[in-house]
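Colleague: Can you walk me through this one? I have a few questions about how it is put together.

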Amino acid sequence: MRKPWTGLLLPALVIAACSAVAQDAEEGGKPRFFFEGGKAPAAPEGDGVGFSFEADADLAAWQALDAEALIERDTAPGAAFAGEGCLRMTCVAREGAFQQLTARPPTVTEAATLAFGIRTDLPTNLSFGVVEGGGAFYQQFAAIPGGQWTWVSVPLASLVLSQDTQDASGRLEPEQIAEIRLADLANLPGPLGDALGRKTGVQRLCLDEVVLSSATEGTVAGAGDPRLFVEGFEGESVMALAIGGAALERVAEGDGHALRVVADGRASRWQGCVLAVGQLDLRAASGLSLRLGASEGLVVNVTLEERDGSKYSQRIGVAADAPSEKTIPLDAMILETDSADENGRLDRDQARVLVIVADMARAVRLPAWFSLDDVRFE
Ligand SMILES: [Ca+2]
Ligand SMILES: [Ca+2]
Ligand SMILES: [Ca+2]
């Protein structure tokens, strides 16, 4: 009964709290470009900003984990996101083959933003980020819609230290970035594959304008205290993972946009999304606030997960009325029965992911959906 996907996600969605990163980033002072040309990363004409794939030399830095994957430069008319060429990885999606791309970027002395254009054949749960020379992997998630170019631009301060890596300094140091890493989370083994989805057959992933920049333009700051703000879905890309087969769509709602989590089947009972929160400073947080709407009355399960996997949940009934704001006092979140915690207490400073799913087995009409917006701690 009480088995949303959270427990299954633990081993692979290994991201850990690193609130120091977010704090340090605020002290960064005036943004300064260090790539040649000094153009904002969102500018399609920007050159010298990482990898534009206008020449074969840009391809040489990139490697695929899957030895059978083919990396080449696509120069067909209209293929690129910007300019005349982009990187195209072609692989045969199959169980057990993890599709990961890595590159050694130009050395930077400081950087505030990681950005890239990406296109995949099918909707994709993407893990991406940067790896320091010492091995510390700082990552975020994005839900990439299939069949179109998507511009992903994130402050480095929003990247979260992966739980399976460590960083003695406790913070991402841009001058130590040795690798840019992107991975399609499809086809993970076992229950993780059930949660995050599977792909088969020939799949293509295209990249263009991969940028490490000190610019802060193009990133969307949340309203209020950025150390407490999770997502407002006003950015061009959705910084979340879809689980249980749900489709994530960014839709117009109110004055801005919201995330719509759509279930068009009941193959998985719990369908929803995962948001990273390990980059925030939640030490003083007392509640979680979010705006929820639904296509019909649905039960929504909200889980906050600690670094060690301890899961604290609360269920909310969401009516089919206009979206409304709900606030969950963190003290009211209850340790899940199949979860253990060494101290029996939700430790704010250890929260790393927020999992929000709805019980779609109870949905009367398909497709059923719930909408999510203004996710913040307070
Ligand atoms: Ca290009
Ligand atoms: Ca919004
Ligand atoms: Ca605890």
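Colleague: Which residues have the most contacts inside the largest nonpolar core?

Modeller: Ala240, Leu241, Val261, Cys273, Leu275 and Phe370, in a core of 101 residues. A nonpolar core here is a set of buried Ala, Val, Leu, Ile, Met, Phe, Trp, Tyr and Cys residues joined through C-beta atoms within 7 Å. Buried means 20 or more other C-beta atoms within 10 Å of the residue's own, exposed means 12 or fewer, and partly exposed is in between, with C-beta atoms placed from the backbone.

Colleague: Which strand gives the largest share of this core?

Modeller: Strand β23, residues 351–359, with seven residues. Domain 1 (15–213) and domain 2 (221–377) both contribute, so the core lies between them. The domain bounds come from an automatic or database assignment.

Colleague: Before I go on, what am I looking at, and how is it numbered?

Modeller: A predicted model: local features need pLDDT of at least 70, side-chain atom pairs count only at pLDDT 80 or more, and totals for chains, interfaces and linings use all residues. Residues are numbered from 1 along each chain as its sequence is written, with chains lettered from A and ligands numbered from 1 in the order in which they are written.

Colleague: What is the average pLDDT of the chain?

Modeller: It is 86, and 85% of the residues score at least 70. pLDDT is the predictor's confidence in each residue, from 0 to 100.

Colleague: Where does it stay under 50?

Modeller: Over residues 1–48, for which the model still has 127 contacts beyond four places in sequence. A contact means C-beta atoms, placed from the backbone, within 7 Å. Where pLDDT is low, the predicted coordinates should not be read in detail.

Colleague: How many helices and strands does the chain have?

Modeller: Three helices and 24 strands. Helices (H or I, at least four residues) and strands (E, at least two) are DSSP runs, numbered from the N terminus.

Colleague: What is the strand order in the open sheet?

Modeller: β3-β4-β12-β6-β9, five strands with antiparallel pairing. β3 (70–74) and β9 (150–155) are at the edges with a single partner strand each, so one side of each has no neighbour in the sheet. Strands count as paired if DSSP finds at least two bridges between them.

Colleague: How many bridges join β6 to β12?

Modeller: Seven, between residues 113–120 of β6 and residues 201–213 of β12, running antiparallel. Thr120 stands opposite Leu205 in β12.

Colleague: What pairs with β18?

Modeller: β18 (287–294) pairs with β21 (324–329) over six bridges, antiparallel, and six bridges also join β18 to β24 (368–377), again antiparallel. On the β21 side, Leu290 has Lys326 as its bridge partner and Leu292 stands opposite Ser324. On the β24 side, Ala294 is partnered by Phe370.

Conventions
Two residues are in contact if their C-beta atoms, placed from the backbone, lie within 7 Å.
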